[in-house]
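Please read the points below with the model open alongside.

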Amino acid sequence: MAFIRTSRHLLHPDSGFTLPEHEVTPRGVYEDRRSLLKGLAGAASLAATGLLSHGEAHAQANNPSPSGLAPRPGKLAALPATRSTVPGAQAIDKLTPYSDVTTYNNFYEFGTGKSDPAVNAHTLKPRPWTLVVDGEVNKPQRLGLDDLLKLAPMEERIYRLRCVEGWSMVIPWVGYSLANLIKRAEPTGNAKYVEFVTLADAKQMPGVRSSVLDWPYVEGLRLDEAMHPLTLMAFGLYGEVLPNQNGAPLRLVVPWKYGFKSAKSIVRIRLIDKPNTPSWVKAAPQEYGYFSNVNPKVDHPRWSQATERRIGDGGFFTPKKPTLMFNGYEAQVGQLYAGMDLRKFF
Ligand SMILES: Nc1nc2c(c(=O)[nH]1)N[C@H]1C(S)=C(S)[C@@H](COP(=O)(O)O)O[C@H]1N2
Ligand SMILES: [Mo]
């Protein structure tokens, strides 16, 4: 089947010219697996049915996810965590199956098709990895992955992820608040914003040779947004280290903002005095704003943001869900924007 690969500033993904996700996502057996995956009993029954190897079932039984809702797939190294107590980090929605979370992705460094990252990201080398935290700080940091993994206790947090394209997922992430990392660098009085710079290495990332975006992919937050306890530095999902296609070895997750704010495979965090220009704002300033808080009342210039399609929830013909203000995190983050015209600050 012909698959027209294009960027979303040229074509809306629901326009019919791109493949709807139910056609690119392998389902069937995974859906059956998912329905059986109900904690430890699920792991045992999957082993009994032969859908999980004995080793996989064993891995799950030894490393159950803290929530008990997210049994380990047993594909990658375990990343033990405790259940987060941060308010808002325990979304009650049904989890999106691991198979969807890891095969329906946006990661343009590996191509613009939803299944491209899962197919291509095996060339990404998440180790060795160095993260630099610099700019307006008293103590610039240069940290290897092992130091980063030990920097604060790992928590499991269940967040909704709402892409600006009109689809959403519910993902059990593993990581800790970004604030831990920023505090270590001791921001100066001039630090007002934070820039996130991601890897752009054509040797590892074939999509970087295309001019669909201006590389590296960069994002930005106001310092108080970056310091909010919900803003997560994620190192894993479903109780394991991040699959490459989800932004290994570390990525940002800002659950009340559209998904593109959650930059993957970060190499540098720079504290700055003025806002930077994030990649999507640079690519299409008439369509994407700096804040990009999820807001069902402010439509994208080319489509409504009032509703969303929950991936893994029956596919293309299932009725859409209403999109929630700040993606459902208004109680936690609404006060960050007190007095701001939320239309103007899209
Ligand atoms: N470096 C980088 N980060 C990125 C992107 C990207 O193309 N490159 N896509 C963003 C978009 S649009 C979304 S919706 C989320 C998707 O994250 P997921 O594939 O883990 O669900 O990653 C965001 N982070
Ligand atoms: Mo997105």
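The numbered points below take up confidence, the nonpolar core, aromatic rings and salt bridges in turn.

1. Basis of the note. The model is predicted, with local features requiring pLDDT of at least 70, side-chain atom pairs counted only at pLDDT 80 or more, and totals for chains, interfaces and linings using all residues. Residues are numbered from 1 along each chain as its sequence is written, chains are lettered from A and ligands numbered from 1 in the order in which they are written, and side-chain values use heavy atoms, leaving out hydrogens and water.

2. Confidence. The average pLDDT of the chain is 86, and 81% of the residues score at least 70; pLDDT is the predictor's confidence in each residue, from 0 to 100. Residues 1-6 fall below 50, and this stretch has 16 contacts beyond near neighbours in sequence. Residues 10-59 are also below 50, here with 80 such contacts. A contact means heavy atoms within 4.5 Å. Where pLDDT is low, the predicted coordinates should not be read in detail.

3. Nonpolar core. The largest nonpolar core has 89 residues, among which Leu 181 and Ile 269 touch the most other members. Such a core is a set of buried Ala, Val, Leu, Ile, Met, Phe, Trp, Tyr and Cys residues joined through side-chain atoms within 4.5 Å. Buried means under 20% relative accessible area, exposed over 50%, and partly exposed in between (1.4 Å probe, protein chains only). Strand S5 (residues 167-177) supplies the largest share of this core, seven residues. Helices (H or I, at least four residues) and strands (E, at least two) are DSSP runs, numbered from the N terminus. Setting aside residues up to four places away in sequence, the contacts of Ile 269 include Leu 131, Val 133, Leu 181, Phe 196 and Met 233.

4. Aromatic pairs. The whole structure holds 12 aromatic pairs. Rings of Phe, Tyr and Trp (its six-membered ring) pair if their centres lie within 6.5 Å; planes under 30 degrees apart count as stacked, over 60 as edge-to-face and the rest as tilted. Phe 291 and Tyr 337 are edge-to-face because their planes stand at 90°, with the centres 6.1 Å apart. Phe 291 lies in the loop between helix H10 (279-283) and strand S12 (307-310) and Tyr 337 in the segment after helix H11 (330-333), so this pair ties together parts 46 residues apart in sequence. Phe 291 is buried at 8% relative accessible area, and Tyr 337 is buried at 3%.

5. Salt bridges. How many salt bridges are found in the whole structure? The search gives 19, each being a side-chain nitrogen of Lys or Arg within 4 Å of a carboxyl oxygen of Asp or Glu. Arg 162 and Glu 308 form one of them (3.1 Å, N to O). This pair links strand S4 (residues 155-162) with strand S12, 146 residues apart. Arg 162 is buried at 0% relative accessibility, as is Glu 308 at 3%. By contrast, the bridge between Glu 186 and Lys 139 (3.1 Å, N to O) has partly exposed partners, with Glu 186 at 32% and Lys 139 at 43%.

6. Network. Salt bridges that share partners join Asp 93, Arg 160, Arg 162, Glu 308 and Arg 310 into one network.
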